Amino acid sequence: MAGKKTIRTIPQERTPVSEQPPMERIRNFAEVNCGYTENEALREAQRCLQCADPVCIAGCPVAIDIPRFIEKIGERNYRGAYEVIAKTNLLPAVCGRVCPQETQCEGVCTVADTLEPVAIGRLERFIGDRAIAEGWTTAPYIEPNGYRIAIVGSGPAGVACAADMAKAGCEVTVFEAFHRPGGVLRYGIPDFRLPNEVIDAEIDNLRKLGAKFECNTIVGRLFTVEQLIEELGFHAVFIGTGAGYPAMLGIPGDSLNNVLSANELLTRCNLMRAKQFPNFDTPMPLGKRVVVVGAGNTAMDAMRVCLRLGAEKVHCIYRRSRAEAPARAEEIQHAEEEGIEFHWLTNPIEILDDGKGNVRGMRCIRMELGEPDESGRRRPVPVPGSEFEFETDQVVFAIGTNANPIIGQTSKLKLNKKGYIETDETLATSMAGVFAGGDIVTGAATVIEAMGAGRTAAQNMKTYLGIRDANLSYDGDKDTLFGINLRERNFVRLRVR
Amino acid sequence: MNEDRESRFEIVAREDYSDVTFMLEVQHQLMARAAKPGQFVVVMSHEHGERVPLTIADFDSKKGTVTLVIQAVGKTTREMQQTCRIGTALYAVAGPVGHPSLIGDAKKVVCVGGGLGVAPIFPQARAFKENGAYVIGVLGFRTEKLVFWEKKFRSVCDELILCTDDGSIGIKGLVTDGIKLAIANHPDIDEVVAIGPPVMMKASAETTRPHGIRTMVSLNPIMVDGTGMCGGCRVKVNDQVKFACVDGPDFDGHKVDFADLMTRLRRFADEEKTALERWSQTCRMKGLAEP
C-alpha cells in the first residue's frame, strides 16, 4: 500500500449520492437514493483510514469487517469485498439501504471526529447491488449434517438465522404466514426505499444455500411450535415473528373510518400492491389531507407512501421534538424535502367525526419537554390551554407495535409481562431447542438488530445441537472454505461444487 | 420465485346452492387437521387478488379437505364464482386463524345461521352435538329454493327451525322469530350462537338480551393479513378495542358495538363499487369477443 492515509490526505468531502429530485420522486415509487456509481464508490472508499483498531466493526450489530471490504473496493476487487461482507451479512443490498448507519458504524467512524464519516452504508449497498447484478453467491456445496431446523417468520431475524444454519449443513425450512417471503422487508418497507427485486434476490441467495420457504403457513395455528418438534421432526426452532400488533392511539374517534395503522397502510400498498388498484384487487382509499402520528421510520414510510399515492398534503404529528424522533436522519431529511409538514411537540387528543363515521379533523394539544423519562429522552408534557383543531380526512398512526399474540396463545413458551417471548442471553426460550430473536423478543427495533439476533440464536442453536465449527467463515482469498482447510475433512464436510 | 408457488391449494369439489351461493372443497391436509369450529382462513384466489377472510364451513381430516361456502357479492367473490372449478387451485390459503369457538358444557344451545352465516354455524352445531348438548338449529333463507345443507343440519340438530321471508318452507319470518320460538318452547336454553350479517347478529343479540341468555356472535370485519398485524379488523367490545382476527372472531353479542362494526364495514364501499363495475365491464367485453 502506498503511503499511510491520514485524515489530511483523504478526500475531505463525503461523496454525495445522486437522488431522484423531490418533486419528481413524489409521483413515483422508484428508488429515491440511486446508489453510488463505480467512480463514486472508489472515491468514497479512499476516505476510509483503515484504522489499526477499527471501531466501526464494533458499531455493526453483525460485526462486518468494514475496513477490509472497503479496502477491497479500493482495489477494485468487488467480488472480494462482497465475500468479506457475506461472511457475516447475508443481505448487504438490504442493509446498505435500511440500516441506521448514523447510530451504528458511521456513528463511531474515526473520520467523523473531524470530517463527515465514511459513507459505509452506501458502499455496502454498492457491493450488494453489484452482487445481485453479477449473480454472485457464496453458496458452496455443503455436506448435510442431518439436522432439521424450522424458522418461524421470514423477516430479517429469520433469514439471518436460516442462512447460518444452512451454511452449517442443516436442512432449513422457513415458514411464512404471508404468500410471499421477506416479512417486514416485504410488507413494511416501501419500494422507493427497498425495491422488491432486491428482496427477491437476497431471498434467492438463501435458497441457493438450500433453505426452503413455505409460505401461507401460520405457525401456532396450522401447527404449533410444540408440534414442530414433537410431530414434524424438527430438531430446533427459531422464532422471529416480529412485533406486528399495531398500538392504537386510545383517544376518542380512533375507530372512525379513515383512521388506520401504518402497518395496514404499508401492507396494503407494499405487499398487496394497492397502489396498482384496480389492477390489483386490494384497495387503499386515501384522504386529501393526511395526518401521520409518530416520527419513526414507519411513520416516514407511511407519509411518503401517502404522497406518492396522491395525497395533497401530508402532516406529521409528533409529541416530542425533532431531536428525539427515532427515524433515520436520512428519512426525515427526505420527507422534509418532499414537502411533508412536521408539527413537533404536538399530541392528538381526539379525532373528530364528520357525522358519517369518517374523519373530519383532529384536536391536538401543544407539548413541551420536561424531565427525562426511563428512555432517557425528555418527557413531553402538555401545555395547558394550547388545544387547537386541525383539518384532516385521514389519520394514520405509526406509534409503535406490541407483541403479536399468536405464538403466545398457542404454545407454552414463557412470555414476559408485555407478551414478548422471554429468552436468556443465548436467546434460548423456556422450551428446549426453541430459540427466539428480533422484535418478538425485544419489541420494535431495526432490521440489522433483528439480523444480529438471528445470528446469535444460530450460533447458540449450533452449540445446542452439538454442531462443531460454530464460527464458520468463508474466505475467498485462501485455500479455505468457511475457515476450514479444503484438504481436511471435518465433522461438517465441505467441498466446492 | 417458483418455490412460493409450490403450495397449490387445489379445489377438489364444488357445489352451487343458488345463483350466488357456492361451496368449494379445498385440499389442505394440515389445515383439515388443525381446523376447529369458529375458525376462518384467509384466501387469495390469484396473485393479484385481495386477501379475503372466509369462515371454515366444514373440515374433514380423513379426506384432508376444508369446505368454504361463499356468497358472490363483490368483485373477488363473483370472480371466484366464475373461475374456481374442480381441478383449479387457489393462490393462497392461510390459517386456520382466530380462536376456536368455546364449545363449553352448555346443555341446550340454539345455533343460528343466516345468509352467509348458515354454513359456518354448522361445525359449531356439530361440535355441540358431539359434546352431548341438545342442539336447536335456526336457519334463515329468503325462500325454499335457496335452502341448502338441510340434511346435514338435521343430522346434528335435535330440532331444526327453518325461517323464510316468504314462508315457502318452515316458518314465515326472520331468524329472530325462530329464536323467539325456540325460547318459548325451551325455557332452559344455556347459549345462543349466531352467525350471519351484522344486522342479523345484532337482532339476535337483542332478542336474547331480555332473557339473559349468553349469545356468541362471530364478527366479520374487513381484514388484510388476518394475523393481528394490520389492525383493520378492530372492533369495539365492551368499549374496548379488540382485533377480530387474533382476539376473536367470536365475541359476546351483548357487548359488541354493532353500529361501529357496520360503519367500518362500509369503509371501502366506493372502491368495492369501482372494482365490481370495472370487472363486470371486462367480463361483458370478453363475452362479446368470444364467438
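Predicted model: local features only at pLDDT ≥ 70, side-chain atom pairs only at ≥ 80, totals over all residues.
Biologist: What makes chain A and chain B count as being in contact, and how many residues take part?

Modeller: Contact requires heavy atoms within 4.5 Å. By that rule 52 residues from chain A and 56 residues from chain B belong to the contact. The area buried between the two chains is about 4500 Å², and carbon and sulfur atoms give 55% of this area. On the side of chain A, R221(A), L222(A) and D281(A) supply 15% of the area that chain A buries against chain B, more than any other three residues.

Biologist: Why is the pair E231(A) and R33(B) called a salt bridge?

Modeller: The term requires a side-chain nitrogen of Lys or Arg within 4 Å of a carboxyl oxygen of Asp or Glu. In this pair the closest N and O atoms are 3.1 Å apart, and the pair therefore meets the cut-off of 4 Å. The rule finds three salt bridges across the interface of chain A and chain B. It also finds 19 residue pairs in polar contact there, with both residues at pLDDT 80 or more.

Biologist: Which elements of chain A supply at least two residues each to the side that touches chain B?

Modeller: Among them are helix 10 (184-187), helix 11 (196-208), strand 4 (212-214) and helix 13 (262-271) of chain A. Helix 13 of chain A gives the most, with four residues. By class, the side of chain A that touches chain B has 25 nonpolar, 14 polar and 13 charged residues.

Biologist: What makes D129(A) and R97(A) a salt bridge, and what does the pair tie together?

Modeller: The closest N and O atoms of D129(A) and R97(A) are 2.9 Å apart, and the rule asks for a distance within 4 Å, so the pair qualifies. Over all chains the structure holds 47 salt bridges.

Biologist: How do you know that strand 10 and strand 11 of chain B pair?

Modeller: Pairing requires at least two bridges between the strands. Strand 10 (residues 159-164) and strand 11 of chain B share two bridges in the parallel sense, so they pair. In strand 11 of chain B, I171(B) is the bridge partner of C163(B).

Biologist: Why do strand 11 and strand 16 of chain B stand at the edges of their sheet?

Modeller: The sheet is open, and its seven strands follow the order 11-10-9-8-12-13-16, with mixed pairing. Strand 11 (171-172) and strand 16 (250-252) of chain B each have a single partner strand, so one side of each is left without a neighbour in the sheet. Helix 3 (residues 118-130) of chain B lies across strand 8, strand 9, strand 12 and strand 16 of chain B, and runs at about 165 degrees to strand 8 of chain B. Helix 6 (residues 198-208) of chain B also packs on the sheet, where it touches strand 8, strand 12 and strand 13 of chain B.

Biologist: What makes strand 3 and strand 4 of chain B a pair?

Modeller: Strand 3 (residues 40-44) and strand 4 (residues 52-60) of chain B are joined antiparallel over four bridges; the rule asks for at least two, so they pair. V42(B) has P53(B) as its bridge partner in strand 4 of chain B. An open sheet of seven strands in chain B has the order 6-1-2-5-4-3-7, with antiparallel pairing. Strand 6 (89-90) and strand 7 (92-97) of chain B each have a single partner strand and so stand at the edges.

Biologist: How do you know that strand 11 and strand 12 of chain A pair?

Modeller: Seven bridges join strand 11 (residues 346-353) to strand 12 (residues 359-372) of chain A, and the rule needs at least two, so these antiparallel strands pair. In their hairpin, which has five residues between the strands, G355(A) takes a positive phi near 95 degrees.

Definitions and conventions
Residues numbered from 1 in each chain as written. Chains lettered and ligands numbered in written order. Heavy atoms only, no water. Buried area = accessible area lost by both parts, 1.4 Å probe. Polar contact = N/O pair within 3.5 Å; in protein donor to acceptor, adjacent residues only side chain to side chain. Nonpolar A, V, L, I, M, F, W, Y, C, P; charged D, E, K, R; others polar. Axes fitted to C-alpha atoms, helices over the stretch in contact; angles between N-to-C directions.
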